[in-house]
Every structure is written in C-alpha cells, then in structure tokens.
Amino acid sequence: MGEHGRRWLFADQLGDHFLDSDDQPVLLVEAGSALRRRRYHRQKAHLVLSALRHRAAELGDRALFLRTATFGEALGRAGGKVTVCGPTSHAADAFVRGLAGVTVLPSRGFTSTAEEFTAWAEGRDGHRLLMEDFYRDARRRLDVLMDGDEPAGGRWNLDADNREPPPAGGLDVPGPWTAEEDEIDERVRHDLDRWERDGEVSFVGRDGPRTFPATVAEARSALRHFIDHRLPAFGPHQDAMLAGDPFMAHSMLSPAINLGLLDPMTCVRAAEAAYRAGHAPLASVEGYVRQLIGWRDYIWHLYWYFGEDYRDLSRLSARTAPPAWFEELDADAVEARCLSWALAQVRDTGFTHHIVRLMVLGNFALQRGYDPARLTDWFHRCFVDGYDWVMVPNVIGMSQHADGGMLATKPYAAGGAYINRMSDFCGPCRYRPARRAGEDACPFTAGYWWFFARNQEWLAANPRTARGVHGMRRLDDLDEVCAQEAARGDAPL
C-alpha cells in the first residue's frame with residue numbers, strides 16, 4: 001500500500017483531485033448509519049450511493065470498498081495507515097481526527113486554501129468580511145478573468161446586467177445534460193426500496209430517474225454541455241423563474257462539484273476559455289465564475305471561520321417549527337402558485353436553482369419565522385447538493401439572517417411584487433401580489449409586512465432596511481394585516 005497507506009475518500013470526495021497519484025490505493029465506505037441519521041430525499045440517497053459505487057467500480061482492485069454499519073467498523077476492518085483529506089462538516093472532521101492511524105490532510109475541492117482565506121480575513125482590519133471583497137481578491141490570486149492588473153472588461157461585478165426578468169417566450173436554449181442509468185443505478189434503487197420496505201430507512205420526496213452526474217466522465221460531459229450550449233444565455237436571466245422551465249440556463253453542476261466529481265477550477269477555466277474564444281459573453285461568464293471562486297468558496301470558509309455554534313444562532317428570535325406540509329413537500333396542499341411550484345420541484349427532483357431557494361422557499365420561511373436550525377436541516381436533507389457546510393451559512397446567514405448580519409448586510413425578504421417581476425407565477429395564482437389584506441391577499445406581500453412588524457426594532461437599526469420600517473409605519477391597515485397573517489397559523493397557503 002505504500003508508505004502513506006490508503007487514501008480514504010468520503011462520498012463527497014470522489015474525483016481524481018483528492019488523490020496524489022494514479023496508482024494510490026483507496027478506501028471507500030458505504031456506511032448504513034449515514035442514511036439512518038437523517039430522513040434524506042430519496043433522489044439524494046440514490047445519487048450519493050450511485051456515485052460511491054460507480055467510483056468503486058472504476059477503481060477496481062485499487063479500491064477497498066466496504067459496506068458496513070458504521071464508518072468506525074470499516075476503519076477497523078481496513079487496518080493499516082489511512083490518510084484522508086479534510087472532511088466537509090464539523091462532525092466528520094472531529095470524528096476523523098479522533099481515529100488512531102488516520103492522518104488528516106488539508107481539505108481539497110475548493111479554489112482558496114484555509115490559509116489564504118485567513119490571511120484575507122485578518123487583513124480586513126475590522127472591516128466586514130464581504131463576499132465581493134473576497135471574490136476580487138480571489139480573481140487576482142487565481143488570475144481569473146484578468147487583463148493584467150485589471151478585471152476583464154474593466155468591471156469586477158456585472159450583476160447589474162444579470163438581473164433581467166424572464167423573457168416572455170422563455171429561453172431558447174437546449175435543455176440540461178441528462179444521465180443514463182445503468183446496472184449500478186438499478187441495484188441502488190433495489191437496495192433503497194428494500195431498506196425502506198424493511199423499515200431501516202425513511203425518505204422524503206419522490207423517486208425518479210437519476211438527473212445528475214454520478215461519475216467523473218458524466219460530470220465532464222455535463223460541464224461541456226453547459227459551456228457549449230447554456231453558458232452564453234446564463235447571465236442575464238439567472239435570477240428569473242419560469243413555471244415551464246425550472247432549470248433555465250443554470251449549469252446544474254453543483255451536485256457534481258459537491259460530490260467532488262469536478263474540480264471547481266476546471267469549471268472556471270472552461271468558462272473563461274469560452275469568453276476568451278468569443279463563445280460566451282462576459283456577463284454570463286463573470287456571473288458563473290462569481291458563483292464558484294466567490295460565493296462557493298466564501299461559504300465554505302465562513303462555515304469553518306464562524307465555528308460550530310454558528311448553526312444555533314437565531315437573532316431574529318424565529319422559533320416556529322416548519323409545518324408538516326412544508327417538511328413533507330406537500331405541494332398539492334398549497335394554493336400560492338410560486339410556493340406550490342417550488343415545493344413540487346424539490347419533491348420531484350431534489351433541486352431548484354438559487355433564486356427559488358432564496359426568494360421563494362427561504363423568503364417564505366423568513367416571513368413565517370421558521371426555526372433556522374430546523375430549516376437548515378430541511379435544506380440539507382431535501383436538496384441533492386445540500387451538505388452541512390453548504391446549508392449552515394447559506395440558511396443561517398444568507399436566507400434567514402439568523403446571524404444578525406455577520407454574513408449578509410440585510411435580510412432577503414420581499415413581497416409578491418418581486419416574485420411577480422421575476423417570474424410568471426402570479427398571473428394564474430388565486431392570490432394577488434398587490435394585495436396585502438383580504439381573501440386574495442398574497443401571502444408573500446402580507447407576510448413581508450408581518451415580518452417587518454415583528455422585527456421592526458432590529459430592522460430600524462439597519463440602514464438597508466430602515467426605509468422599509470418607515471414605510472410599514474405608514475400603513476393604515478397594519479394591525480389587520482398582522483392579525484390576518486397570525487391567524488393563518490401553520491395551515492398551507
């Protein structure tokens with residue numbers, strides 16, 4: 001096995017960039033306890049097991065593939081020296097560091113190291129750790145979309161060009177890459193059916209054909225399909241939503257990247273090459289690059305920088321348990337068209353793009369005061385690309401503002417007018433986005449003002465939300481709106 005022993009690959013570390021050589025021996029573990037620990041989306045369980053088993057098949061004799069009740073049991077059976085790249089959760093990190101005979105290496109799969117992030121953060125000299133500043137620093141360090149010392153095109157941030165509402169006729173782009181299931185997928189589905197039938201595990205969401213890559217080869221094909229056919233149209237409408245086109249021109253690559261099947265810098269360089277060759281406009285490429293070397297790495301590093309207690313923050317005192325219809329993805333019980341559609345997408349695919357997560361699902365939960373920790377767990381379990389490091393900062397900090405502004409400068413609350421402008425949901429909906437009181441009052445419009453009323457002292461102190469508080473105090477029907485929303489309770493809307 002060599003001087004350093006086997007490289008243990010977790011199921012989100014499956015790419016070649018987690019190995020040191022082409023002949024390094026590997027340990028792969030399928031632990032039953034991982035599926036019993038949480039009630040995951042059925043398609044997420046399928047994707048992870050499929051990817052793990054495909055990797056074992058690809059490596060052949062190089063891999064010791066153990067299917068055990070626990071990871072500890074597997075390590076005991078493997079014996080000898082083991083190395084592992086830093087895992088992606090606090091719990092897993094503490095576990096591997098407590099194991100005898102296991103050497104923990106620096107984490108991989110991200111574009112900036114912990115040392116680089118710490119150096120940047122400590123150099124802020126008391127200033128906020130803004131993603132935009134981190135992103136610009138990363139662009140310079142990694143020499144991405146740079147023309148000498150200046151950003152390509154003369155601007156760092158092209159967000160203003162990428163906030164267009166959906167085009168009336170939809171996007172004229174090819175659909176996303178699609179997977180073809182094989183015998184391994186068939187066996188995974190058989191096992192999941194059997195375990196669920198025997199009561200060993202329980203799932204949320206519906207089963208369906210595997211949508212996302214489960215191998216490095218599939219992931220590379222999906223990347224090439226996105227770069228060639230979808231990236232040019234990605235930018236302008238990346239914040240838009242269409243009922244008939246749930247994926248728009250989004251890459252759909254986050255599940256593959258978060259499984260470790262793609263190195264994010266491979267994606268970045270491919271997108272940049274498309275811009276340099278004149279195949280994709282700068283606004284689309286910059287928007288995509290920002291998601292990877294900016295937002296994704298920023299979230300990863302803040303997960304560790306803020307520490308384990310960050311997940312328990314609830315500075316807006318949100319304590320309501322998400323109702324059963326929300327937890328169970330019961331889209332058919334909901335009349336609000338945008339929310340019903342969003343829940344249906346999660347139920348049927350385990351995926352939605354980022355604006356649906358933030359401005360429909362997260363926005364609704366914020367307005368209703370759902371408990372941030374329970375909501376974080378829901379996102380973690382229900383999304384195929386959801387992991388602890390992904391969802392803790394994104395939900396606690398970005399979506400629910402439960403950290404009081406450590407990550408984002410304001411809560412992402414919005415009424416029905418925003419959803420109406422950025423989607424085609426509102427026209428056929430029984431609720432009217434301009435109405436805040438009455439039987440046809442939009443739950444998002446009314447909920448927006450109810451959220452401001454409950455948190456007005458906190459929001460009045462924030463310059464970015466103080467105007468909203470001022471507007472709220474001028475409403476002559478605020479008491480009626482608040483009573484109306486409180487009376488909804490946990491009934492589906």
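In β2, Val 26 is the bridge partner of Arg 7. Strands here are DSSP runs (E, at least two residues), and helices are H or I runs of at least four, numbered from the N terminus. This is a predicted model: local features need pLDDT of at least 70, side-chain atom pairs count only at pLDDT 80 or more, and totals for chains, interfaces and linings use all residues. Residues are numbered from 1 along each chain as its sequence is written, and side-chain values use heavy atoms, without hydrogens and water.

Strands pair if DSSP finds at least two bridges between them.

| Partner strand | Sense | Bridges |
|---|---|---|
| β1 | parallel | three |
| β3 | parallel | six |

Val 29 stands opposite Leu 66 in β3.

A pocket is an open set of points on a 1 Å grid over the protein atoms alone, where a 1.4 Å probe fits, with protein on both sides within 12 Å along at least five of seven lines; lining residues have an atom within 4 Å of a point. Its lining has 39 residues; Phe 10, Ala 34, Arg 37, Tyr 40 and Phe 71 lie nearest the centre. Elements that each supply at least two lining residues include β2 (26-31), α1 (32-37) and α2 (42-59).
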